[in-house]
Amino acid sequence: MAEAQIILTHSRESGIVAIASGEQYPWAHTALAENGFQRDDDGVWHLPADSTKTTVVDLIRCAKRHRTSVHTSSRRFIGDAARDLTRLLPGQWRASVEIYSHPAWQEDLVPWIWDSGELGRAVQSERIPYAALLTDAVQGTTLLFIERPGRQLDYLVGAFSPEGLEGGYGDPHAPRSIVLPPFAGRAAQALTGRYLPAYEQAVHARQTAAIAAVLRDIRCEHDTWQAMNASGRYSDATPLSAAALGAATELFLNHAWRRFLTVVDHAPALLDRCRPASSPWPDDAAALSRLADAVIDAETLVDEIVHGGFVPEQERRARAWPAIETWLTDGETFLRQARISAPHRRPALPVAAPARPLTAARPAHRGP
């Protein structure tokens with residue numbers, strides 16, 4: 001394959017559009033500019049509607065001088081396909097185009113794709129010079145929408161890692177990307193009826209697992225600290241001075257607070273879903289109320305630290321510990337309620353009749 005390529009396609013709104021690709025993509029940029037194409041903010045090149053002098057033959061000849069090959073896509077412009085899809089999704093979805101002209105830019109996607117299926121494999125092993133991001137402005141969900149490699153019509157869609165949670169391809173909690181047909185109505189139905197419910201359930205499970213891991217780590221360190229405090233010695237039996245014990249206590253409280261911020265970030269949404277009255281443990285309601293109050297106290301402390309100015313370390317530790325201790329005490333109650341409170345599947349959208357073809361950013365468009 002040439003070191004620089006131009007991919008030509010057609011947009012319903014913009015007419016002929018071009019995308020530059022390859023390690024030497026600036027050569028393609030030069031050829032496009034010389035032939036009257038103009039680049040927009042997304043990195044897509046457009047041939048102005050009033051441009052009557054440029055032909056594909058002219059572009060091929062010019063590109064050849066700049067060591068660039070020209071390819072014509074049989075598909076409609078992916079931006080049109082993505083916008084047609086988002087118009088049919090419930091909520092406030094928007095679509096934007098991503099250009100990965102240099103192969104290294106595509107590699108930047110790999111750590112952020114939260115997928116256990118075909119999309120994750122494709123991003124790692126197939127050349128994907130462009131894609132679209134589907135973003136839910138209310139929920140903060142961001143999906144990657146690409147043309148399915150090796151297929152003439154289908155698309156693939158999968159998710160980026162949720163904010164505040166680490167995870168990439170192969171994460172055991174990651175949802176599996178799905179294939180979308182080239183019809184907006186059916187694609188919206190598949191996305192709403194199958195993928196988004198699976199995604200929401202995966203986020204719920206991932207958040208629950210993250211909180212469980214944090215509580216486990218804090219509890220382990222707390223047990224170690226308690227043993228040191230009770231014995232007056234380090235774990236290797238070396239005597240522990242009062243000053244050293246004080247330093248160890250501060251270190252433990254600092255580590256516990258940093259870990260507990262994961263609980264502050266993710267527990268509110270999970271607590272909102274818990275319905276102890278309809279669970280096998282209706283008496284858990286009191287414990288969940290205490291846990292919610294503890295999170296509110298911690299959120300207030302975080303807000304003061306971030307927006308209210310300086311909070312002395314000693315005061316921060318004294319205020320944070322009661323909230324952390326509450327979660328250590330009642331955390332298992334929360335976890336059993338959270339594990340049975342995963343989101344339910346939402347009703348699927350009706351198929352649009354007749355179905356319309358799909359026609360005309362975790363990384364933003366890059367490049368000069």
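Asp330 is buried, at 10% relative accessibility (buried means under 20% relative accessible area, exposed over 50%, partly exposed in between; 1.4 Å probe, protein chains only). Its salt-bridge partner is Arg290, with the closest N and O atoms 3.1 Å apart. A salt bridge here is a side-chain nitrogen of Lys or Arg within 4 Å of a carboxyl oxygen of Asp or Glu.

This is a predicted model, in which local features need pLDDT of at least 70 and side-chain atom pairs count only at pLDDT 80 or more, while totals for chains, interfaces and linings use all residues. Residues are numbered from 1 along each chain as its sequence is written, and side-chain values use heavy atoms, with hydrogens and water left out.

**Salt bridge between helices**

- Arg290 sits in helix α8 (residues 285–307) and Asp330 in helix α9 (residues 313–339), so their pairing ties together parts that are 40 residues apart in sequence.
- Helices (H or I, at least four residues) and strands (E, at least two) are DSSP runs, numbered from the N terminus.
- Arg290 is partly exposed, at 43% relative accessibility.
- The structure holds 14 salt bridges.

**Network at Glu313**

- Salt bridges link Glu250, Glu313, Arg316 and Arg317 in a network.
- Arg316 meets Glu313 at 2.6 Å, N to O.
- Arg317 also bridges to Glu313, where the closest N and O atoms are 3.6 Å apart.
- Arg316 and Glu313 are three residues apart in helix α9, so about one helical turn separates them.
- Arg317 and Glu313 are four residues apart in helix α9, again about one helical turn.
- Glu313 is partly exposed at 39% relative accessibility.
- Arg316 is buried at 7%, and Arg317 is buried at 12%.

**Sheet and its helices**

- Five strands form an open, mixed sheet in the order β3-β4-β2-β1-β5. Strands pair if DSSP finds at least two bridges between them.
- β3 (38–39) and β5 (69–76) are the edge strands, each with a single partner, so one side of each has no neighbour in the sheet.
- Strand β1 (residues 5–11) runs parallel to β5, joined by five bridges. Gln5 has Ser69 in β5 as its bridge partner.
- Helix α2 (residues 56–65) packs on the sheet and touches β1 and β5, its direction making about 160° with that of β1. Contact means heavy atoms within 4.5 Å.
- Helix α1 (residues 25–34) lies across β1, β2 (15–21), β3 and β4 (45–46), at about 155° to β2. Axes are lines fitted to C-alpha atoms, for helices over the stretch in contact, and angles run from 0 to 180 degrees between N-to-C directions.
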